[in-house]
Amino acid sequence: MSQNPIPSVSQSAAPVISIRSIGKQFNAVRALQNVSFDVQPGELHAVMGENGAGKSTLMKILSGVYSEYDGEIALHGHPVRFQSTRDAEDAGVSIIHQELNLVEQLSVAANIFLGREQKFALGVLNQSAMDRKAADLLRQLESNISPRALVSTLRIGDQQLVEIAKAISLNAEILIMDEPTSALTESEVARLYSVIDQLRKRGVTILYISHKMDEVFRLADRITVLRDGQFVQTVNRVDATPRSIAHLMVGRDVEPARRRDASLNAPVVLETKSLSLAWPNHSRGLRLKDINFQLHRGEILGFAGLMGAGRTELLECLFGASNPPPQGELIVQGQARTFAHPAEAMQAGIAMVTEDRKRLGLFAHMTVRENTTVCALPSCATAGVISRSREQNATASQIKALSIKTNGSEAMITSLSGGNQQKCIIGRCMLTNPSILLLDDPTRGVDIGAKAELYQLMEQLAADGVSIIVTSSELPELLTVRDRILVLCEGVITGEFSREEATEQRIMEAATHLQTSSDA
Amino acid sequence: MSPQAFFAKLWSSVEFKLILAWLAVVIVTVIADPGHTYFNNPGNSAELIIRNSVLLGFFALGAAVIIISGGIDLSSGSVIAMSATVFGSLLIALDPEGFRAGHLATWAVVVAFIGTLLSGAMVGTLHAWLITCVGLPPFIATLATLVGLRSFSRGLTLAMTNNKSQIDFPDLALRDALKDVTTVSIVFLVLAFSIWFLMSWTVIGRHLHAMGGNEQAARLSGIRTDRLKWLAYVIGSVTASMVGIVYFADTGSAKPDILARGYELNAIAASVIGGCSLQGGIGTIPGTILGCLFLRTVIDAVNKIVGSGADVYEGMIVGIVVVMAVTFSQRAGTARAQKFFATPIGWASIPVLSVLTGVSFMLFFRDKPWFGSAHAIVFGSLVGVILIVRGFIELRAKSRVTLQKT
């Protein structure tokens with residue numbers, strides 16, 4: 001690795017944040033060790049690193065979530081030690097978490113002023129003043145979200161804007177954004193970029209955690225790379241290339257996924273005929289309408305679409321997890337099937353990795369072993385009695401096959417980084433020997449090193465004859481590995497592209513097809 | 001596993017802490033009991049504690065299974081009363097001659113026994129239907145049967161006994177056999193072992209734990225959550241039915257208006273003391289059994305120390321033990337020093353706790369020859385002073401941290 005003497009650049013101004021020898025230990029796991037770097041006033045400083053590199057831990061220390069750590073943090077040269085997020089906010093440091101921190105049952109304005117409500121005498125809320133100010137803040141962000149709307153009715157991108165509005169109302173001088181685009185559609189990302197531009201014009205210093213090279217290279221002034229809890233290097237964006245950063249993050253070169261010859265002549269393993277899904281109490285009436293497609297043996301089929309286009313709902317229909325059940329025909333291995341429960345779909349050789357890992361995938365109170373074997377438990381048991389050794393062998397095989405970084409099969413699942421948790425869930429599916437694998441946004445919140453491994457894994461599985469349907473919120477990702485891409489827009493298939501035909505622009509046109517035609 | 005790792009794991013287990021706490025209570029009772037009952041008459045004392053723990057244990061096991069699977073069952077006290085009534089009613093219906101004469105035919109007893117357990121299974125099925133098909137929260141579904149089944153049992157009793165409000169246990173020989181502590185304990189051990197095996201070593205047990213921790217993820221992992229819930233609630237009600245028959249024999253009569261009233265909360269308390277989390281997913285059967293033993297031993301200790309009439313305070317003791325047990329088990333998880341009193345609500349609670357302890361002291365010992373109301377005032381004030389000191393210590397710990405910040 002070439003050691004550029006880059007950290008010495010632009011030291012002219014006094015740093016707004018100095019991070020000095022920060023260390024953090026969780027029981028036996030050392031999450032951070034001796035991390036030191038400076039953040040200059042007004043810069044957008046990206047922090048990158050693989051899963052488990054310690055980015056989120058460092059940001060939680062900076063924002064007062066963790067108050068016990070080694071080392072020192074200085075704001076404008078004065079040492080500080082935040083005891084709570086409130087302390088940090090008072091000092092001008094706000095964080096926008098990857099998993100947003102809003103009270104869904106309250107209105108937008110109530111969330112923005114939560115804990116700092118405007119009131120009349122006797123503690124009576126001054127609702128109109130809060131609504132007015134919230135509307136002001138949102139207008140500054142060029143958004144027309146109603147301050148009275150319930151947060152639960154907003155899309156994720158809008159919820160994030162509410163968090164940003166809250167940070168502005170706190171006069172945040174330093175804003176930490178932890179993977180802000182991981183759940184956003186392209187148009188929402190574009191809007192976020194313009195909000196970030198505005199924030200920078202106001203002189204806000206931004207610490208930006210991301211896995212995505214393209215956005216970091218578009219936004220950042222400087223990039224700090226962490227690996228395995230340690231500081232690797234801070235580089236100027238203009239001196240770096242995505243390849244060099246990837247090298248710093250992983251510690252080795254990342255091989256692009258190898259292509260395999262796809263064959264559409266292979267037998268069809270799954271087919272839908274005018275599949276529809278009702279949407280009770282909604283003006284559109286149908287979540288999915290008249291879906292027809294075929295999946296071939298060994299094929300990787302991608303589904304693109306904006307958030308709310310029906311990607312997740314479609315996979316749920318195929319997996320027997322939708323409520324209500326879909327109408328239309330579902331043909332698996334040549335037989336018409338209706339799945340009333342995921343158990344029946346699994347019997348038919350279908351496995352699914354769900355989108356929202358924390359809510360729909362993880363058993364947070366259980367170990368890696370228990371999480372990995374839960375779907376295939378009967379195969380590790382005789383007459384319903386579990387064999388611990390068979391279970392451990394099954395877990396060990398998946399830890400090895402997917403290179404899961406864990407402190408053994410008996411470690412708690414929550415002690416693993418997000419990407420490794422995701423791999424455990426994929427391992428859980430693989431233990432059922434599926435012939436059809438459904439992956440709902442599997443690389444969400446997973447960094448490039450682990451992503452590359454997931455791509456390779458998909459290719460390998462497809463080469464072994466497994467058919468894969470994958471959705472993703474990231475278009476560039478869909479474009480790299482898939483055999484075919486179908487585009488969903490408001491529950492309807494609006495485009496089909498072979499690998500050669502697919503471009504980002506064509507897919508976006510199809511994904512916004514209905515919206516543009518109805519606007520016109 | 002290395003010896004250090006083994007001891008670290010042992011030390012952090014709820015079961016080990018409960019055994020230590022239990023030993024401490026026993027030792028304190030040996031010393032503080034004015035009659036020195038444990039020392040003078042260990043056999044009888046042990047029998048009493050074991051009987052009470054085992055009776056609680058039956059339906060606490062059921063409560064634990066339901067809590068681990070992510071639910072709650074408020075109805076077990078009423079199911080106990082219902083089962084005692086159903087058992088008595090079936091005997092009256094099947095062998096009216098024998099019932100009057102006090103010598104029941106064996107076949108009638110066996111059929112009544114099976115019928116009673118079946119009625120428990122029916123209640124469990126009803127709960128599962130209300131929860132999975134009708135879509136009620138478990139709290140509401142079992143609240144309905146908590147109220148409803150007791151009333152149902154009273155009506156059944158009236159109908160079967162020519163408008164009497166209780167059914168007397170008919171057969172003395174059968175009664176002695178059913179209330180025999182050795183027999184009941186053996187049945188309990190077999191049941192406890194079976195449920196422990198089910199929960200710890202079988203696919204069903206793992207799935208129950210998984211469902212309790214994350215029901216949606218369990219369903220999407222292909223687990224038939226509705227059927228598992230049915231199983232959990234049937235186990236909950238059938239264990240209560242079994243012990244209902246024993247209570248019938250033990251007390252000599254089934255009085256559905258008062259039998260086992262409020263016991264459901266004791267069962268939930270014992271499970272929670274034994275380490276079950278009401279969030280679901282977490283808990284063990286050995287822990288629950290130790291929770292029952294610990295709870296009954298503390299109640300017995302207070303009985304011994306306070307003397308006659310102490311059964312009035314059973315509820316107070318259960319409340320205090322639950323609060324303390326859960327507080328300590330929560331604290332073990334957090335590294336941060338907790339502030340009990342150095343907050344506005346904390347300061348406000350100091351007079352509450354002082355008055356409570358002072359008045360309780362008076363209630364407990366008012367019959368003792370040495371007692372005067374000055375004692376209670378001094379004791380209550382002493383508690384207040386100790387808590388205020390503790391509050392200031394917490395405050396200092398807090399201000400040290402703040403100093404560091406500036």
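This presentation covers the confidence, the open sheet, the nonpolar cores and the chain contacts of a predicted model.

Local features here require a pLDDT of at least 70 and side-chain atom pairs count only at pLDDT 80 or more, while totals for chains, interfaces and linings use all residues. Residues are numbered from 1 along each chain as its sequence is written, and chains are lettered from A and ligands numbered from 1 in the order in which they are written.

I begin with confidence. The average pLDDT (the predictor's confidence in each residue, from 0 to 100) is 83 for chain A, and 91% of its residues score at least 70. Over residues 1-11 of chain A the value is below 50, although the model gives this stretch ten contacts beyond near neighbours in sequence; a contact means C-beta atoms, placed from the backbone, within 7 Å. Residues 515-520 of chain A also stay under 50, with zero contacts beyond four places in sequence. Where pLDDT is low, the predicted coordinates should not be read in detail.

I turn to the sheet in chain A. Helices (H or I, at least four residues) and strands (E, at least two) are DSSP runs, numbered from the N terminus, and two strands pair if DSSP finds at least two bridges between them. The open sheet has six strands in the order S16-S19-S20-S13-S21-S22, with mixed pairing. Strands S16 (350-353) and S22 (492-498) of chain A each have a single partner strand, so one side of each is left without a neighbour in the sheet. S16(A) pairs with S19(A), residues 436-440, in the parallel sense over four bridges. Within S19(A), Leu439(A) is the bridge partner of Val353(A).

Next, the cores. A nonpolar core is a set of buried Ala, Val, Leu, Ile, Met, Phe, Trp, Tyr and Cys residues joined through C-beta atoms within 7 Å; buried means 20 or more other C-beta atoms within 10 Å of a residue's own. In the largest core, of 167 residues, those touching the most other members are Leu438(A), Val487(A), Val65(B), Ile80(B) and Leu295(B). Helix H13 (residues 225-251) of chain B gives the largest share, 14 residues. Beyond four places in sequence, the contacts of Leu438(A) include Phe319(A), Ile350(A) and Ile469(A).

Finally, where do the chains meet? In total, 21 residues of chain B are in contact with 28 residues of chain A. On the chain B side, helices H11 (203-213), H12 (215-220) and H18 (373-405) give two or more residues each. H11(B) gives the most, with five residues.

Technical notes:
Two residues are in contact if their C-beta atoms, placed from the backbone, lie within 7 Å. A residue is buried if 20 or more other C-beta atoms lie within 10 Å of its own, exposed if 12 or fewer, and partly exposed in between; C-beta atoms are placed from the backbone.
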